[in-house]
Amino acid sequence: MKLIHDATELGNGSRKVCLAIGVFDGVHLGHQQIIRQTVADARQHDALALVVTFDCHPNTIVAPDRVPPQIYSRSQKLRAIESLGVDALLEIRFNKPFSEKSGDVFIRELARDLGKIHSVCVGADFVFGHRRSGNVALLKTLGAELHFQVHGLAAVALDGQAVSSTRIREMIRAGNFDAASQMLGRPYAICGRVVEGDRLGRQLGFPTANLDAANLILPSNGVYSAVTRLNDRLYRAALNIGFRPTVTSAWPQLRVEAYVLDFSGELYGTELELEIGAKLRDERRFDSPEELRQQIARDVAAVRAAE
């Protein structure tokens, strides 16, 4: 999959382009339907399948007080989209000037820069452009003028309810990972770069990898079993999410820490993806570091017993 940041970089020559446009957080079953329709159109008409998305959630710019936590990190999102067989992904920088473009201007500029659009596929309720001026009706009007087809696909339903990023976030918060995974079409996992910590886990005999999980939706605080893949091998892990109440701190920070069983080596700077399993216990305060160490040992034993 070719990753571009400007439509003129596609280099499609005289080939037509089929577009899927959306935020695609989580790349859930509904998003997959949109992207698969685009890929099918492209294959049928000897065109390129191009996903158009953004480098951040639009609310980051237009409604910063209502930015939802993201289901996937950027790298997870790109991998999920690539797995669907698209030819290229246009990741647009969503900044203030871009947010002030009307839906009409946005589509006309894409048509100009891409040369020839064969089809545009979006969700039936997708809105875009300044003051949400663009929708499926506008796309169909522009399609008639600029000669491209429009697919406005209805939401995918699961258990009688529409699959949506909002529902997936609710399931993750509630710890219902099976429901979240069903809607995602793949096991739910969190992903983040391993950053420097205070090495407390190492002092206790359980060196942990601290994940940068900023802006991600997270389950409730506590300890979970997890699985991760490193160097093409699966490892069990004990995952802690919380504020570490046993550790005295003037500025408590939410931490996402994983102790990877039977792994030795440095992980700083690498990206760690953890598929979350059962919750082992809630977060709690211990009276001493030794009590905490003993509990971590029990947590690790519980993860190992789950094997």
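Strand E5 (residues 117-123) and strand E6 (residues 149-153) run parallel and are joined by 5 bridges, where strands count as paired if DSSP finds at least two bridges between them. The model is predicted, so that local features need pLDDT of at least 70 and side-chain atom pairs count only at pLDDT 80 or more, while totals for chains, interfaces and linings use all residues. Residues are numbered from 1 along each chain as its sequence is written, and side-chain values use heavy atoms, with hydrogens and water left out. Helices (H or I, at least four residues) and strands (E, at least two) are DSSP runs numbered from the N terminus.

- Helix H5 (residues 103-114) and H6 have axes that come within 11 Å and cross at roughly 35°, the axes being lines fitted to C-alpha atoms, for helices over the stretch in contact, with angles from 0 to 180 degrees between N-to-C directions.
- The crossing of H5 and H6 is right-handed, a crossing being left-handed if the near helix is turned anticlockwise from the far one by less than a right angle, and right-handed if clockwise.
- On the H5 side the residues that meet H6 are Gly 103, Asp 104, Ile 107, Arg 108 and Ala 111, and their counterparts in H6 are Leu 138, Leu 139, Leu 142, Glu 145 and Leu 146, with contact meaning heavy atoms within 4.5 Å.

**The barrel**

- A barrel is closed by 6 strands in the order E9-E10-E13-E12-E11-E14, with antiparallel pairing.
- On average, neighbouring strands of this sheet are turned by 45° against each other, direction ignored.
- Strand E9 (residues 189-195) pairs with strand E14 (residues 271-282) in the antiparallel sense over 5 bridges, and Arg 193 has Glu 271 in E14 as its bridge partner.
- Helix H10 (residues 289-305) packs on the sheet, where it touches strands E11 (222-230), E12 (233-242), E13 (255-260) and E14, and its direction makes about 105° with that of E14.

**Aromatic rings**

- The structure holds 10 aromatic pairs, counted for rings of Phe, Tyr and Trp (its six-membered ring) with centres within 6.5 Å, where planes under 30 degrees apart are stacked, over 60 edge-to-face and the rest tilted.
- Phe 94 and Phe 98 form an edge-to-face pair because their ring centres are 5.3 Å apart and their planes stand at 70°; both residues are buried, which is to say under 20% relative accessible area, with exposed meaning over 50% and partly exposed in between (1.4 Å probe, protein chains only).
- Tyr 235 and Phe 263 also make an edge-to-face pair, at 5.5 Å centre to centre and 85° between the planes.
- This pair links distant parts of the chain, 28 residues apart, with Tyr 235 in strand E12 and Phe 263 in the loop between E13 and E14.
- Tyr 235 is buried at a relative accessible area of 8%, whereas Phe 263 is partly exposed at 21%.
- One aromatic cluster is formed by Phe 54, Phe 94, Phe 98, Phe 106, Phe 126 and Phe 128.

**Positive phi in loops**

- Most residues other than glycine have a negative phi.
- Asn 215, in the loop between strand E10 (209-212) and E11, has a positive phi near 75° and is exposed at 63% relative accessibility.
- Asn 231, in the loop between E11 and E12, has a positive phi near 50° and is exposed at 71% relative accessibility.
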